[in-house]
Amino acid sequence: MGKKAKKPGKGKEKTEKKTAKAEEKRARRENKKLSPEDDIDAILLSIQKEEAKKTEVHVEENVPAPSPRSNCSLTINPLKETELILYGGEFYNGTKTYVYGDLYRYDVEKLEWKVISSPNSPPPRSAHQAVAWKNYLYIFGGEFTSSNQERFHHYKDFWVLDLKTNQWEQINLKGCPSPRSGHRMVLYKHKIIIFGGFYDTLREVRYYNDMYVFDLDQYKWQEIKPSPGAMWPTPRSGFQFCVHQDEVLLYGGYFKEIQSDKNTSERGVVHADMWSLDPRTWQWNKVKKGGMPPGPRAGFSMCVHKRRAMLFGGVVDMEVEGDAMMSLFLNELYAFQLDNHRWYPLELRKEKSTKAKIKKISDQKNNEVEFDDPMNEEGLEVGKIETSVLEEACNMDTDIDEISQHISSSVSINNGGLEASSSKKRQESGPNQNAVLPEVIKPCGRINSCMVVGRDTLYIYGGMMEIKDREITLDDLYALNLSKLDEWKCIIPATESEWVEASEDEDEEDDEDDSEDDDNSEESNESDEDDGDEDDLEDGNDGSRKVGDAVALIKGGGRNLRRKEKRARIEQIRANLGLSDSQRTPMPGESLREFYKRTNLYWQMAAHEHTQHTGKELRKDGFDLAESRYRELKPILDELAILEAEQRQKRQKLLKPVQEKEARRKNK
């Protein structure tokens, strides 16, 4: 049978359409590349010009609270322990990232914010580090991110703020660390110690384990290098660094390693090791974790109070069905005893008068509520508490498993604030029928929050958490008296942060771009024989047409379908052809002989129902049925195997930005 003649003008028309489509896609990508919002150099230059216009320090009193942010710095004012100094940070609203360079002070006694604007201020940044010494605040490094998070500028500048005059000054000295963010910086006597961090080059992420020291008396940098054979922590970022007497402790961190497989894929590593540095000899030693240490996590916060270091929050990523990941944001509080190196969960102390309080509340409720009216004067139904809940509230001695259970307590918005609280449960029987157990307020789980201690009070500010696919950037402030350990106090409730959902059109456009990239090479080599092939399919019988249509769809006959629709059609084909039945479907790479050996009983039983043959004839009939099925499905199974391999590659390609984003938040 001869080859069918091509339809005149058809090839030229298709080529023109393809060319126009390719040009349109290229222009769309160029527009994205040239977006002014993503030109970091131009943005920073513009900010520098605006800063140059400032001539004097301006302090605005009693201003609204800062906008929600994470990866900022919060420091206790060494001149006034009831004042917190907040600088920088970033906010992501679902489509754009905003980086801040504002400076706030918060008086925890007056509950008032003030914002300070100074000439010669540092450019906006996040994931930097800050320490206070005498009447100065020192800041090093950090990063500026483009609005689409595709470009990054890492800083290596070193700044000092005079807390008396609110004047900034940049310290330009040789020997400073390279540009980085996600590093950690602590103060030991009159020395600032910097360790680790990461630098994103777009092509790769470099992790550091170098150490630098800045002498505040001599005003010079020094790099501390390991001596041959000495123990030294591995490269990492997002760890925690704290000082106790003549010991500097390093805990945890994050690192991405290249796996040695064919695809050279990356794997995130969450560290859970602890190191001790002697700042007199600069020698590192590994610390054995004793007691009840927290599980591995990323993005936690840590600070020191007297002889213990406290750890709060963090995230644990758990793999669920397929390639999906579920993030569990923690609100556990742990303590590490610095003198004997032992971990233990830090629980609020139970009050001796809990039962008395419940009885008092119950009596008050009984006096306020009429017998025939189930609603109180505020219109709220009087709750009841189960006896078991009362007993649990009065005996709050919990272990690690119970602590983990408290993580799943409800996250609610009360008076505009986001908080984790135990629910008000009801009692159906017992003496205190109308008693309501007071809610236990505590911060919700989060990562990258700020954590400081001043006057025996622990402060936790801001951070980030996720609810489903939405990132919640927090701006709440909690306080806990570390001497009493009685209750968390919400000083500033969280406000509802802005979130912009990505439009479906943008997602579909990206999907189409991806599919076009994969198909372009094939389309450029295709001829108008597709039309003839479609005519040929109509000449076959019904069975071959079903398989032929399936093969054509998988090979590309359904290019005009969206990826989700195409996948649904393929799943329908699988169902129609019975591909889920392993007895009737060859396994990947299985030969006809292997297929029949595995399924011969099925085919012989099927043949017996029609022929009633036995023995050798039955075996031959069964083999004929198996061979017919094998020959029929072989083309579609081969194409499905190719498609599934392509789908895995595409899925990895689509997951890569998400994975990179997850890695970046853990790096900080």
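Colleague: How many aromatic pairs does a search of the whole structure find?

Modeller: The search finds 33 aromatic pairs. Keep in mind that this is a predicted model.

Colleague: Why is the pair of Tyr138 and Phe158 called stacked?

Modeller: Ring planes under 30 degrees apart count as stacked. The planes of Tyr138 and Phe158 stand at 25°, with the ring centres 5.9 Å apart, so this pair is stacked.

Colleague: Which parts of the chain does that pair tie together?

Modeller: Tyr138 belongs to strand β9 (residues 136-140) and Phe158 to strand β12 (residues 158-162), so the contact joins parts 20 residues apart in sequence.

Colleague: Are Tyr138 and Phe158 buried or exposed?

Modeller: Both Tyr138 and Phe158 are buried.

Colleague: Which residues do ring pairs link into a cluster with Tyr138?

Modeller: The cluster holds Tyr136, Tyr138, Phe140, Phe158, Phe214, Tyr219 and Trp221.

Colleague: Now the surface. Which residues make a nonpolar patch?

Modeller: Met318, Met326 and Leu328 make a nonpolar surface patch of about 230 Å². Of these, Met318 sits in strand β25 (residues 315-319).

Colleague: Why does Met318 count as partly exposed?

Modeller: Partly exposed falls between under 20% for buried and over 50% for exposed. Met318 has 31% relative accessibility, so it counts as partly exposed.

Colleague: What is the average pLDDT of the chain?

Modeller: pLDDT is the predictor's confidence in each residue, from 0 to 100. The chain averages 77, and 65% of the residues score at least 70. Over residues 368-410 the pLDDT is below 50, although this stretch has 71 contacts in the model beyond near neighbours in sequence. Residues 412-417 are also below 50, with 12 such contacts.

Methods. Residues are numbered from 1 along each chain as its sequence is written. This is a predicted model: local features need pLDDT of at least 70, side-chain atom pairs count only at pLDDT 80 or more; totals for chains, interfaces and linings use all residues. Side-chain values use heavy atoms; hydrogens and water are left out. Contact means heavy atoms within 4.5 Å. Patches are made of residues with over 30% relative accessible area and no salt bridge: like charges are joined within 9 Å, nonpolar side chains (Val, Leu, Ile, Met, Phe, Trp, Tyr) within 5 Å. Accessible areas come from the Shrake-Rupley method with a 1.4 Å probe; for residues, only the protein chains shown count as cover. A salt bridge is a side-chain nitrogen of Lys or Arg within 4 Å of a carboxyl oxygen of Asp or Glu. Helices (H or I, at least four residues) and strands (E, at least two) are DSSP runs, numbered from the N terminus. Buried means under 20% relative accessible area, exposed over 50%, partly exposed in between (1.4 Å probe, protein chains only). Rings of Phe, Tyr and Trp (its six-membered ring) pair if their centres lie within 6.5 Å; planes under 30 degrees apart count as stacked, over 60 as edge-to-face and the rest as tilted.
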